[in-house]
Amino acid sequence: GCGNTDSADGEPAGEPQSGGTLMYASGDAEPDCLDPHYGGNYPQGLIATQYLETLFTKDENGETIPWLAETSEVSDDGLTHTISVTDGITFHDGTELTSEAIKANIEHLQDPETASSTGFLAVERVEEVEIVDELTADLHLSAPDNAIEESLSMHWTAIQSPDALARDVQENCADPVGTGPFKVDSWEREQQINLVRNEDYVQPVENDRAEEVAYLDGITWRMIPEAATRYAALQSGEVHVIDNAQPDTIQSAEDANIGHLDAPRPGASNRVELNSSQAPFDDQLVREAFMRAVDVNGGIEALFFDTAPRSYSLLSSVEPLGYSDESLFTQGADEANELLDEAGWTERDDDNVRMKDGERLEIVMPVSTNQSVPAEQSLFEQFQAQASEVGFDMQINLLDLSSWYADLAEHNYDLVSAPYTKVGPSTLRTLYHSDSIEPAPSGYFANNAQVDIPEVDQMLVDAQETTDEEERAELYEQAQQRILEDYYVLPLYDQQNHFLYASDVQGMGETSAIAAPKYYNVWLDQ
Amino acid sequence: MKRTVKILAALFIGVVVIAGLFPSLLAPGDPLAVNPAEAFQSPSLHHPFGTDESGRDVYTRVIHGTRDSLTIGLAATALGMGIAIVLGVITAFAPRWIDSVVLRVLEVLYAIPTLLMALIIIAFTGPGTMPAIIAVGLSTAPGYSRLIRTHLRTLVNSEMFDAVTVLGHSTWHKVRNHLIPNTLSTLLALITLGIGQAVIWASALSFLGLGTPPPAPEWGAMLANGRTYLHLAWWLTVFPGLAIVTIAAGATLLGRSATRSTS
Amino acid sequence: MTQPAVEITNLSVSFPGPKKTAIEAVKNVSLTLTAGRVLGIVGESGSGKSVTARSLLGLTGGRVTADTLNILGADARHLTDKQWREIRGSQVAMILQDALNSLDPLRPIHREIADSLPLNKNQRRHAAIEALEQVDMPDPTLRADQRSPQLSGGMRQRALIAQAMISNPAVVIADEATTALDTRLTRLVLDQLADLAAQGIALAMISHDLAQIAQVADDIIVMRHGEIVESGPTDAMLSNPTHAYTQQLLAAIPSGVPRFAPLTRSTDDVASFHNLSTAEDTRNLTGELAVEVTGLSKNFGDHAAVNDVSLNVPKGTTLGLVGESGSGKTTTARMILGLTPPDAGRVSIFGKHFAPARESDRADLREKIGAIYQDPLASFDPRYTVSQVLTNALSRGQTSRSRQYRHRVTELLDMVELDSTVLTRHPMELSGGQRQRLAIARALAPAPEVLILDEPVSALDVSVQATVLDLLDRLQLDTGTSYLFITHDLAVVEHMSDHIAVMHQGQLVETGSADQIINRPAHPYSQELLAAAPDWRV
Amino acid sequence: MHIVSWLARRVGAAAILLWLVATVIFIAIRMIPGDPAEAIMGGPGSQASAEALETAREQYHLNEPILVQYGIYLGQLITGDLGTSYAQQRPVAQIMAEMLPATLQLTLIALVLAWLIAFVMAAIAARSNRIGQVMGTIIEVIAAAVPHFWLGAMLIIIFSTWLGWLPAVDTGTVQGIILPAFTLAIPLSGFLAQLMRDSLMTAVNSPFALAARARGASEGQVFFRHGFRHAALPALNLTGWAVATSISGAVVVEEVFARPGLGRSLLGAVLSRDMPMVTGIALFSALIYMVVMLIVEAVEAIINPAAARGDDQ
Ligand SMILES: Nc1ncnc2c1ncn2[C@@H]1O[C@H](COP(=O)(O)OP(=O)(O)OP(=O)(O)O)[C@@H](O)[C@H]1O
Ligand SMILES: Nc1ncnc2c1ncn2[C@@H]1O[C@H](COP(=O)(O)OP(=O)(O)OP(=O)(O)O)[C@@H](O)[C@H]1O
Ligand SMILES: [Mg+2]
Ligand SMILES: [Mg+2]
């Protein structure tokens with residue numbers, strides 16, 4: 001994949017130079033585990049992209065292409081997937097990459113001990129992995145799955161050395177062993193993760209690189225949660241690259257001769273989901289009224305400084321099958337008031353909150369401070385103020401991640417913004433199939449809007465099982481259209497993934513399938 | 001000199017009281033009203049402290065925030081002082097063994113730094129305005145009780161107390177005429193000093209995202225919000241911070257002069 | 001005779017006062033210091049003695065003018081700070097007034113003594129030890145390394161003398177070098193100072209105690225309100241004082257003055273007691289015991305502060321309790337007052353059991369006994385005005401503002417000769433003598449029959465002391481109050497007491513009539529104590 | 001009384017105190033409503049699985065009678081076992097051992113800085129005229145009233161963003177610690193300076209200072225020989241408190257300057273309700289406080305032996 005870059009100085013880069021350690025500052029919480037199989041959140045994917053590789057990946061056009069895999073074939077019934085791996089690749093521990101690795105990794109993901117969540121869901125339909133020969137394995141599926149290659153392009157399913165996986169979970173967490181251009185050297189907890197160049201790196205696909213190994217000596221991965229501090233560190237030259245860049249700093253970066261990489265995450269767009277399982281949002285009129293009451297565009301404009309184009313889609317703009325309809329989401333307080341009147345919320349109490357049958361029009365929005373950046377929290381605050389003008393009493397609860405999960409699990413929400421990253425439109429099935437209302441053993445369920453429409457369920461299943469590309473696109477479009485028109489979801493913008501880098505960083509721009517920047521071709525202009 | 005100081009002190013208290021009780025007199029606007037079109041305006045005549053990311057007027061918010069911030073400071077100090085007075089009186093007058101037990105416990109609590117203790121309490125209660133009040137109140141109580149105990153002990157053992165004992169005044173009269181009045185002035189000074197610190201601690205909790213949640217115009221919460229835009233909009237950080245410094249420094253100066261005038 | 005070491009004419013020193021006025025602390029003072037001779041400077045508190053002395057070192061901090069200011073041949077009127085520093089310590093040394101606080105409590109003594117010597121560290125320490133030896137400091141090597149809080153008052157005073165001596169100065173000024181000391185130590189220090197003069201040093205000795213000065217000085221000047229009122233050779237001055245103030249000072253010395261004879265003479269400033277013109281003892285004594293103490297003991301830790309003390313105060317009489325510092329006088333007084341519970345023994349007031357007892361059981365006896373302390377200020381509630389202090393005492397704590405007691409308050413003020421203008425003032429704003437009178441007035445409020453007086457005049461000037469002592473005498477004659485009078489000043493105790501008890505290390509070593517103890521002490525300790533007392537009349 | 005018995009008594013007292021702290025925490029954890037295992041695992045939001053809860057119960061012996069639990073808990077504490085952080089899945093003691101040096105370095109540097117700044121402020125104020133004194137008081141009070149988080153942000157804006165002199169985050173270099181240390185030191189120095197100036201003024205105007213002048217000492221000598229010690233003493237007395245405050249401040253400063261350390265670990269632990277970590281740090285900070293108090297008393301005894309002997313209360 002590839003993000004949009006505004007080069008730091010606009011000048012063409014010179015000859016690549018080897019050497020130097022790239023200082024990376026992340027605003028994410030420090031991962032509990034460097035093995036992205038474990039749990040499987042975005043920060044893990046972000047760093048694992050540097051030292052692990054996947055069987056498949058996406059090219060610049062968003063097409064899925066093999067990476068560690070050499071070939072990939074599907075049986076006619078769609079139930080068997082045959083994959084062979086590239087010959088001559090070695091893991092950091094020196095062992096050879098063989099078909100054994102496919103089996104070991106998928107089994108590792110499915111092992112409850114691993115406590116995998118994202119990767120686990122991705123390979124859910126794989127029933128068994130059968131070794132065919134040294135380099136080839138058959139994946140036997142429980143049902144056809146045309147998303148399997150996309151699933152295996154995500155770093156949450158990245159391929160690790162079977163020997164390493166055999167170790168204790170915690171041990172593997174601290175020192176995952178892959179095939180990537182960098183490897184984990186040491187992890188100074190709560191301080192930094194030191195990655196060094198893999199001197200034996202071989203890129204599995206054709207390329208025009210003179211030398212196979214990465215230019216950088218290594219990457220120092222630090223956690224700087226404070227956005228302002230992170231930017232200051234970039235400005236003063238202490239770090240080369242920062243992530244989770246604040247919109248305002250992105251905007252001012254241009255003047256400061258700082259490069260910008262915008263790599264929107266695949267999967268779902270960033271959106272607010274309205275809980276349709278309980279009052280008042282079980283009423284479509286009320287849902288629409290809320291969406292018309294809030295000024296999304298004004299807020300985004302003020303808060304995101306043109307760095308986040310408004311989305312009118314359930315899916316990320318990088319998903320080719322995304323469907324979008326701007327006409328559904330015009331703003332207007334008058335319309336909102338009319339809709340609420342129509343829905344029967346006609347009385348008002350002393351605080352000017354609408355009432356119906358003695359009930360106040362109260363809505364609760366738990367917001368995870370770990371997942372919603374400050375600008376987004378501010379946007380929700382604006383919603384709160386705007387919704388109150390048409391008679392909603394909207395309450396925002398800022399919560400840490402675990403309390404946020406707890407509120408969702410207890411259905412203690414009317415609105416929620418829950419990010420979801422996955423490669424491909426099958427994301428829709430995860431998010432809007434009625435099965436996803438049923439909580440997983442962990443208590444988490446992905447269908448936060450609690451969309452429960454049998455036709456939509458059917459479309460989503462069919463779309464994932466068909467082998468006909470056109471039919472697939474058609475089905476996904478119908479499903480998306482239905483969900484949008486029923487006002488279950490208020491799309492905001494793509495899941496933001498902005499990186500800023502200093503002017504001496506060259507070659508930034510390549511990203512993995514999950515839109516994580518790759519540093520293989522990056523070099524420092526010293 | 002003395003007069004100017006008194007006038008300044010009165011002025012300070014006056015402004016703070018008005019801002020706390022009738023903020024609309026100083027800032028008629030709505031501290032919560034958003035206006036995205038006016039976001040990030042730098043300070044001007046129209047917005048003396050500029051506007052924030054949602055176009056809210058920072059001046060209005062700082063003024064209206066006085067109530068929130070001060071209420072937390074006052075409530076926390078009241079809680080801390082209440083506990084401290086009870087413990088202080090117990091340790092000063094109760095039988096020796098009770099004194100030493102309570103004293104030990106106080107020492108335990110004193111051994112844990114204030115903010116740490118507040119954080120620990122919040123680990124139990126979860127974040128929020130009330131927990132912040134409780135946390136700051138509880139964590140400042142041990143320090144106050146020690147001071148109160150020492151003060152009471154010194155008074156009880158003073159020649160002044162001996163003198164009235166010899167004059168045959170009853171215990172009640174000693175307490176009413178000498179102990180309480182002499183302690184009150186000390187307490188008043190302590191409370192004044194304490195409020196400033198309590199405001200700082202409470203805003204620190206809000207800053208860390210553990211106190212009053214946004215969009216309430218509490219100063220610590222405003223700062224937490226503003227620091228995101230440190231590079232873009234310095235006024236979001238500077239003004240709420242100045243408000244905290246002003247209150248804390250003002251309270252300290254008042255408390256100090258109160259201490260001076262009583263001793 | 002050689003040329004004088006120091007010669008001063010018309011020295012004036014002024015300080016900036018409130019509202020741009022100037023306070024003239026010293027006015028037109030002239031004096032000379034000569035090698036081998038001792039000049040005594042006497043005067044009441046605030047008369048400018050210390051300022052005069054400090055002007056010899058350029059350390060007044062005020063504006064100094066003089067016609068002549070000749071120090072060891074140099075005209076000191078126009079010295080630079082650096083030149084002054086060369087004089088200080090090495091040529092003119094001074095023993096400062098406040099001995100207890102003139103040594104830094106955080107630094108070892110040897111450093112304080114010798115840190116100005118141009119020697120290396122080790123040599124300086126040796127020099128300091130040597131100097132300490134010269135002033136008879138016990139165990140000088142040990143003491144040199146200690147800090148002042150570990151030294152007794154007398155030791156500190158000697159360390160200061162050593163410090164003054166260490167650079168062999170030509171002039172030494174000793175400012176109240178004996179104030180803080182008990183009689184024995186006073187004697188010792190006075191002898192050492194006299195030695196200095198014998199060694200050929202020009203010595204100026206400052207004191208408010210004429211009796212002490214008379215012992216050592218060759219010449220005396222008497223100061224008052226910053227001016228010299230009289231000066232001349234000691235003998236002439238004592239035998240034939242010309243100025244009324246000098247006469248008053250002499251009269252105020254209580255030693256040898258018969259019981260009830262007034263110490264104050266009528267002058268413009270000092271209140272007069274017309275009813276006290278005679279020294280007659282008009283009491284009729286019954287012999288009833290006002291206070292009866294048997295076997296009182298008190299230990300602090302394993303230190304016996306008071307050990308088996310028994311004493312009686314017959315009604316209408318005064319028992320003087322003397323003893324050196326730390327001998328247990330205050331502890332005894334506190335036990336008698338029921339403020340400190342005794343480990344053993346008992347106290348009766350007019351035959352009724354008083355201590356040890358619960359406070360509620362002796363509430364009715366409380367009004368019979370009152371107390372007065374050395375530091376009256378600490379015994380007042382700082383928030384109260386004089387009127388409130390007295391009202392509060394009169395109402396037994398019921399109120400401090402009621403008009404009901406106005407009349408009694410005025411009576412009490414009259415009794416202690418305080419003007420009613422002080423009523424609205426706070427004790428802080430009163431002079432030392434006034435405070436002590438207020439303390440007495442307060443103690444008299446419940447009309448007690450026994451007063452325990454713990455060093456009631458030690459903090460006062462001789463002349464103020466005289467007025468307070470006269471007041472106490474008159475009260476005893478008028479009301480028949482019994483006194484337990486604690487003091488370390490033998491002259492005071494002799495003048496005030498019918499009987500005297502001598503305490504030493506927590507024990508009562510001797511009790512007897514005043515005459516017997518003063519003139520024929522039996523116990524060796526009493527003899528030692530008395531031998532040390534200065535007596536200028538001999 | 002000898003050093004050994006003095007030390008034994010103090011260490012004994014400290015041990016009792018620690019035992020009390022531990023007991024209070026033990027009781028507090030069990031007083032949280034609901035399942036203590038769940039509390040240990042991060043509260044109801046943690047979605048801990050039944051197995052995980054069972055493991056926690058095993059690990060913390062929650063199935064045993066309460067007194068047995070208490071005994072086991074104390075036993076573990078004595079051997080330095082503070083439990084396992086559920087969030088990091090590592091022994092709390094190990095995490096703290098890793099975090100401690102950074103925090104200690106920061107607080108110590110800040111403490112020294114605060115002392116220096118306070119002394120300079122006090123010295124300047126003590127030697128200036130009335131206006132200077134008033135200005136001094138105001139500066140001290142304001143310094144003491146500045147919240148760390150605000151000061152940190154201001155220093156970053158000025159020295160990092162505008163002037164570009166100093167790094168905004170700790171880079172492991174000397175420059176990296178300058179801003180955090182000053183952020184921590186300045187408010188503290190405000191408190192210290194207020195105290196120091198009072199005692200400095202008292203000292204340089206005291207009889208023994210006059211005595212020194214009378215011996216021929218210059219103002220400078222009076223200042224350094226006498227004033228400094230007396231100013232240091234009350235400030236030293238406050239060192240225990242100052243260290244405690246610095247640790248409080250470190251929570252904020254580490255967060256603002258992205259420095260690793262105990263403070264940041266604690267904040268993370270509080271946010272994720274990682275009780276073993278929270279209690280571990282609480283116990284540890286109490287221990288630090290007591291060690292500091294011991295050292296302070298020892299230093300005080302050196303500066304002022306008499307007071308140390310007399311003051312036993
Ligand atoms: N630095 C100063 N500033 C202002 N006034 C001063 C200063 N030093 C002394 N005085 C005033 O000068 C007068 C004389 O003081 P001095 O100390 O010489 O008295 P003294 O005779 O030594 O009294 P005492 O017996 O109490 O020591 C007093 O009224 C005092 O208040
Ligand atoms: N509260 C106390 N705790 C411990 N020791 C005490 C206490 N009060 C007095 N002492 C000790 O008891 C002894 C007697 O003290 P006391 O005050 O009675 O002496 P004093 O004769 O009044 O001395 P001075 O003339 O100095 O007033 C002293 O050694 C003193 O240190
Ligand atoms: Mg004097
Ligand atoms: Mg005494």
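These notebook entries record what I looked up in the structure, which is a predicted model.

**Entry 1. Magnesium site in chain C**

I began with the magnesium ion (ligand 3) and asked which atoms coordinate it. I found C:Ser50 through OG and C:Gln97 through OE1, at 1.9 to 2.3 Å. I then placed the two residues: C:Ser50 belongs to helix α1 (residues 49-54) of chain C, and C:Gln97 to the loop between β7 (92-95) and α3 (109-114) of chain C, so the pair ties together parts that are 47 residues apart in sequence. I also looked up how accessible each residue is. C:Ser50 is buried, at a relative accessible area of 14%, whereas C:Gln97 is partly exposed, at 39%. I note that water is not among the atoms, so the site may look incomplete.

**Entry 2. C:Gly40**

I located C:Gly40 in strand β3 (residues 38-43) of chain C. I recorded a relative accessible area of 0% for C:Gly40, which is therefore buried, the limit being under 20%. Setting aside neighbours within four places in sequence, I listed the contacts of C:Gly40 as C:Met205, C:Ile213, C:Ala217, C:Asp219, C:Ile220 and C:Ile221. I also checked C:Val457, which lies 417 residues from C:Gly40 along the chain; the C-alpha atoms of the two are separated by 23 Å.

I asked how many residues of helix α11 (residues 329-336) of chain C are buried. The count is 6 of 8, and the helix is mostly covered. I identified the buried residues as C:Lys329, C:Thr331, C:Thr332, C:Ala333, C:Met335 and C:Ile336. Just after α11(C), I noted a positive phi of about 75° at C:Gly338. C:Pro356 sits in the loop between β16 (352-355) and α12 (363-366) of chain C.

**Entry 3. Backbone geometry in chain A**

I placed A:Pro280 in the loop between β14 (270-274) and α9 (284-293) of chain A.

I next looked up positive phi values in residues other than glycine. A:Asp306 has phi near 65° and lies in the loop between α10 (296-304) and α11 (333-342) of chain A. A:Gln450 has phi near 55° and lies in the loop between α14 (427-432) and α15 (454-465) of chain A. Is each of these residues buried or exposed? A:Asp306 counts as exposed at 71% relative accessibility, and A:Gln450 counts as buried at 7%.

**Entry 4. Helix pair in chain D**

I examined helix α5 (residues 92-127) and helix α6 (residues 130-145) of chain D, whose axes come within 8 Å and cross at roughly 155°. That angle makes α5(D) roughly antiparallel to α6(D), since the cut-off is over 145 degrees. I recorded the crossing as left-handed. From α5(D), the residues D:Met121, D:Ala125 and D:Ala126 meet D:Gln133, D:Gly136, D:Ile139 and D:Glu140 of α6(D). I sorted the residues of this contact into 4 nonpolar, 2 polar and 1 charged.

**Entry 5. Chain B overall**

I counted 10 helices and 0 strands in chain B. The C-alpha trace of chain B spans about 75 × 45 × 25 Å along its principal axes. Of its 263 residues, 57% count as buried. Among contacts in chain B with a separation of 6 or more, I found that 68% come from residues 24 or more positions apart.

Definitions and conventions: Residues numbered from 1 in each chain as written. Chains lettered and ligands numbered in written order. Predicted model: local features only at pLDDT ≥ 70, side-chain atom pairs only at ≥ 80, totals over all residues. Heavy atoms only, no water. Axes fitted to C-alpha atoms, helices over the stretch in contact; angles between N-to-C directions. Helix = DSSP H or I, 4+ residues; strand = E, 2+ residues; numbered from the N terminus. Parallel < 35°, antiparallel > 145°, perpendicular 65-115°, else oblique. Left-handed = near helix turned anticlockwise from the far one by under 90°. Contact = heavy atoms within 4.5 Å. Nonpolar A, V, L, I, M, F, W, Y, C, P; charged D, E, K, R; others polar. Donors = N, O, S within 2.8 Å, 3.2 Å for Na, K, Ca; no water. Buried < 20%, exposed > 50% of the residue type's maximum accessible area, 1.4 Å probe, protein only.
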